[in-house]
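Student: Could you give me a close look at a single part of this model, with the cut-offs spelled out as you go? I would enjoy one connected account.

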Amino acid sequence: MNEHYIDIKRIAEAKGLKSTRSIRIAIQKGKYIAREVKVNGGTSYEVLYSSLESEIQEKLENEGIKSTALIPVENKVNFISENAKLNALARVDIVTALFNLRTKYQTKRQRFKAIY
């Protein structure tokens, strides 16, 4: 992880800062090795991982371990309502019935006679 650059927002979160201003000032003073990156509507900075303090490096490593942890199945929340499920199943039934009717009869005329 020595050659990786870290976004200044993540560094600010690891340091417990509300904004990235102090980090940008430290970059301008030469405290960190950084590069400019184009973002939506402007530029931002990314700091070389090896130029950060060791405490911040440890926090970022621990944060990376936490973000890759598996989420237990019991805590999975179902966001689809019962009404939406019933509507979806009804639509699937209609499409399936029409598909079966289409494959059963070869022409439109035969299908029309079968329905009416």
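Tutor: The accessible surface of the protein comes to about 10000 Å², with areas taken from the Shrake-Rupley method using a 1.4 Å probe and, for residues, only the protein chains shown counting as cover. Carbon and sulfur atoms own 54% of that surface. This is a predicted model, in which local features need pLDDT of at least 70 and side-chain atom pairs count only at pLDDT 80 or more, while totals for chains, interfaces and linings use all residues. Residues are numbered from 1 along each chain as its sequence is written, and side-chain values use heavy atoms, leaving out hydrogens and water.

Of the 116 residues, 19% count as buried; that label means under 20% relative accessible area, exposed means over 50%, and partly exposed lies in between (1.4 Å probe, protein chains only). The protein has 5 helices and 3 strands, which are DSSP runs numbered from the N terminus (helices are H or I with at least four residues, strands are E with at least two). Along the sequence they follow the pattern β-α-α-β-β-α-α-α.

Let's settle on strand E3, which spans residues 42–48. E3 is mostly covered, with 5 of its 7 residues buried. E1 (residues 5–7) runs antiparallel to E3 and is joined to it by 3 bridges. Ile 6 has Val 47 as its bridge partner in E3. On E2 (residues 34–39), again antiparallel to E3, there are 6 bridges. Here Lys 38 is partnered by Thr 43, and Val 37 stands opposite Ser 44. The hairpin of E2 and E3 leaves 2 residues between the strands, and Gly 41 takes a positive phi near 80 degrees there.

Now for individual residues, starting with Ser 44. At 16% relative accessibility, Ser 44 counts as buried. Neighbours within four places in sequence aside, Ser 44 is in contact (heavy atoms within 4.5 Å) with Asp 7, Ile 8, Arg 35, Glu 36, Val 37 and Val 39.

Why does Glu 46 count as buried? Glu 46 does so because its relative accessibility is 18%. The side chain of Glu 46 makes a polar contact with the side chain of Arg 35 at 2.7 Å. Such a contact is a pair of N or O atoms within 3.5 Å; within protein, one must be able to donate a hydrogen and the other to accept it, and residues adjacent in sequence count only if both atoms are side-chain atoms.

Ile 27 is buried, at 11% relative accessibility. Sequence neighbours up to four places away aside, Ile 27 touches Ile 8, Tyr 32, Ala 34, Tyr 45 and Val 47. Between Ile 27 and Glu 46, 19 residues apart in sequence, the C-alpha atoms are 9.7 Å apart.

To step back to the whole protein, residues 24 or more positions apart account for 40% of the contacts with a separation of 6 or more.

Note on methods
Pairing = 2+ DSSP bridges.
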